[in-house]
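Please keep the sequence and the model in view while reading.

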Amino acid sequence: MKKFISLMAVACLTMGMFTGCGSTDSNETDTTQSSQVSEDMVTVGIAQFAPHGSLDNCVEGFKLGMAEAGFVEGENVTYDLQNAQADMANTNQIAQSMVAANVDLLCGVATPMAQACYNAANGKIPVIYTAVTDPVAAELANEDGTSVGNVTGTSDKLAIDAQLDMIRKFLPEAKTIGILYTTSEANSVSAIEEYKALAPNYGFEIVESGISQSSDIPIAATDLAGKVDCISNLTDNTVVSALATVLDAANKAGIPVFGSEIEQVKNGCVATEGLDYIALGKQTGEMAARVLKGENAQDIPFETITEYSLYINSAALENLGLSCPEDLKATATEAAEAE
């Protein structure tokens, strides 16, 4: 990636973005470039929805991607990192405070936070999102992948087909898969629909249980665990934040929980066909750097990570009397060793 920045972007950053150059009034990208990355300090607001491993990894990867593109923390970029603690009421407050502080770019981590950032920015500040399962369903992108405004980012769309195939291989006799999800999270609603559409291809029935807040999880998880052969956990932020509660309910019922990414497997899920959130965040950081160097966010289609890996937790499998199928051992990585 060439480490250039447009003269227009330099002017905007120098004046603290008062001229509103990040708005979506124009669809044209300024191609006039100077010979080096601006030495001016820029401020990036990172708004994270919930405190859990996968989103933490997104933030770490985001900073790595930015640094590799020439934006090094403490040298020419300052980060304002805030966490909504999985509280929907906090998302708007955080996004609005960052807009009021006139940051140069907003990074929304997870669907609810990305939506809040985009609404608060109102086209005046570019928004880059990450860990958004379905940008179209979240109304951050059009059906063709193009942006709906001054916003773009990366999707952590689940490899649901591969996940179902993996579960069938681990549990040849299983008939039902339980899924706990937050009804207000667009990413989860979208994933549930895909699960229900694909499950019959593998001889499964999906039993869903919707919750509205984290306090609903203990009862919902216990009830669900008593009805199904296993649970498949989504990237649902509210549920992931209470993963220990879900695992406890499943262990008492003697059923496995399959995760959706490596951090969930490290924390006790038996296996996943999942993605690497540091890589996802890094990809997002690279996109953010392009915008800070002069490209318009609205001209950059959202990107979806395409590399998935099989991660297992041998200890969790053993506790349930399970083992990794022979035909999967060659490609499986022990989560505890996958640092």
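## Strand pairing in the sheet

Two strands are taken to pair if DSSP finds at least two bridges between them. The model is a predicted one, and in it Gly178 has Ile231, in strand 8, as its bridge partner. Strand 6, residues 176–182, and strand 8, residues 230–232, pair over two bridges in the parallel sense.

These strands belong to an open sheet of four strands, in which the order is 7-6-8-9 and the pairing is parallel. The edges are formed by strand 7 (205–211) and strand 9 (257–258), each of which pairs on one side only. In general, the strands of a sheet pair through backbone hydrogen bonds, and they may do so in either a parallel or an antiparallel way.

## A helix across the strands

Helix 6, which covers residues 186–198, lies across strand 6, strand 7 and strand 8, and runs at about 165 degrees to strand 6.

## Packing of helix 3 and helix 4

Elsewhere in the model, helix 3 (residues 88–100) packs with helix 4 (residues 111–121) at an angle of about 40 degrees, and their axes are 8 Å apart.

On the side of helix 3 the contact is made by Met88, Thr91, Asn92, Ile94, Ala95, Gln96 and Val99, while helix 4 contributes Pro112, Met113, Ala116, Cys117, Ala120 and Ala121. By class, the residues of this contact divide into 10 nonpolar and three polar, with no charged ones.

Key. Residues numbered from 1 in each chain as written. Predicted model: local features only at pLDDT ≥ 70, side-chain atom pairs only at ≥ 80, totals over all residues. Heavy atoms only, no water. Contact = heavy atoms within 4.5 Å. Axes fitted to C-alpha atoms, helices over the stretch in contact; angles between N-to-C directions. Nonpolar A, V, L, I, M, F, W, Y, C, P; charged D, E, K, R; others polar.
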